[in-house]
Amino acid sequence: MSDEAKTTIRRVAAIDIGSVTVRLLIADLESADPDNVDSEADAEYVHGPHVIEVCRLLEICELGRGLSETGKLCADGLAHTLNFLQAASIECACLQVEKITAVATSAVRDASNASCLIEGAAEYGITIDVISGLAEADLAFAGASSGGAKGPADILVVDPGGGSTEFIAGQLDSDGQAKRDEARSLQMGSRRLTDLFLHSDPPLDSEVEACRDYIAQLCQKELAGFERVFQQVIAVAGTATTLAAVDGKIDPYQPALVQDYQLSRGQVDALLQLFCSQTTQERTSIVGLEPKRAAVIIAGTLIVEGVMDFFGCESLSVSDRDLLYGIILSA
C-alpha cells in the first residue's frame, strides 16, 4: 500500500459453526479509498479489503453427531460448542475485535433444538445467524475466490462439510475478480453420511459401496444441468484441507502449504484406501489427520471422490480460504 493511499483498518471476527467443527478467525481488514489509490501495487484494495490474519481457533465439537437419527444437536457437542464460543468471546474482547459475525450451517438448520445453541451463545454476546445452504455457498465462493486464483476461467468451488456439500460455479476475470453464476447445496456431508452408512470400524466394503452409490445418485439427481467443463475446481473446508495435509505430511498444519495444494484423483483413491484399512483409533496416528476428524474422514473422502468422478476431474486445487474468509470479507 502506497503512502498516498488513505487506509482504514478494522478488526473483525468470523465464527463458523458447522456439523463437525467450530472455527474462529480474527482478522484486520485493510481497505483504501479508491480515489486515493494511485499505483498498480494498490490495485487489490480497490476490489476489496486486504485480509491480515490475527488469530485462528478451531475445535472439533461434533455438533451434528447422531442428528440423522434424533433430529437434535448432540448434547456433548452442544456443550463443547458453547465452551468454544465462550472462549471465542473472551479472545475477541482481549484482541479488541470491533465486530463478530457468527454463522451456523447444516446441523443447526436441521435441528429441532437449535434454540439451545442460539440462546446459549447470546449469553456470551454472540448472535448466531443460521444461514441457508445457498448463503453458505456464496460465502464459500467469496472466500475461495479470494485465494489468488487466476482468470479468465470458469471455476467450480466445492465445499464438503459435515452436514451438507455446496457447489458454486462462476467465472474469474483476467484481474482475478470472481462472479458467481449458480449454486447448489446437497444434503451430504461427512458426519451425515458416516451416521447413515459407515457403521463398522473399519467400514465394510459393502458399507463403503452403499455410501459411494448414494453420493453418485444424489449428484445425478440434484446436479442435473450443472455440469460443464471447468478450468479450475477448488475444494475448501476441513475434509479437503485434511486430504492435502495427509498427502503432503503437513504436520503441524500450515495454511501456506495447504493453499493451492493439488490433489489428483489417484491420490484421493490412495488416501481412501489408507483410511479404510485402519480403525478409527489407528487413523488418529496418521500424520496430517486431526485425531478428532478420524471418525468422519472416510465419508468426507468419498464425497470428494464422488464429486471428482461426477465432474470428470483428474485433479483439483485445495484452498485454505473458505467460508470463514467469506464471512470476514462480508464484514
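**Exercise 1.** How many helices and strands does the protein have, and what is its radius of gyration?

*Solution.* Start with the count: 14 helices and eleven strands, where helices (H or I, at least four residues) and strands (E, at least two) are DSSP runs numbered from the N terminus. Keep in mind that this is a predicted model, in which local features need pLDDT of at least 70, side-chain atom pairs count only at pLDDT 80 or more, and totals for chains, interfaces and linings use all residues. Residues are numbered from 1 along each chain as its sequence is written, and side-chain values use heavy atoms, with hydrogens and water left out.

**Exercise 2.** What is the strand order in the open sheet of six strands, and which strands are at its edges?

*Solution.* Two strands pair if DSSP finds at least two bridges between them. Tracing the pairs gives β8-β7-β6-β9-β11-β10, with mixed pairing. The edge strands, each pairing on one side only, are β8 (178-186) and β10 (261-264). From one strand to the next, the twist averages 25°, using lines fitted to C-alpha atoms as axes (for helices, over the stretch in contact) and angles from 0 to 180 degrees between N-to-C directions.

Now zoom in on β6 (residues 153-160) and β9 (residues 232-236): they run parallel and are joined by four bridges. Here Leu156 sits opposite Val233 of β9.

**Exercise 3.** Why is helix α7 largely enclosed by the rest of the structure?

*Solution.* Check burial (under 20% relative accessible area is buried, over 50% exposed, partly exposed in between; 1.4 Å probe, protein chains only). Seven of the eight residues of α7 (residues 190-197) are buried, so the helix is largely enclosed. Among them are Arg191, Leu193 and Phe197. Then list partners by contact (heavy atoms within 4.5 Å): the buried residues pack against α2, α4, α8, α9 and α13.

**Exercise 4.** How many disulfides does the structure hold?

*Solution.* Look for cysteine sulfur pairs within 2.5 Å. There are zero. For Cys211, the nearest cysteine sulfur, in Cys276, is 9.6 Å away. For Cys313, the closest is in Cys219 at 11 Å, too far for a bond. Burial next: Cys211 is buried at 0% relative accessible area, and Cys313 is buried at 10%.
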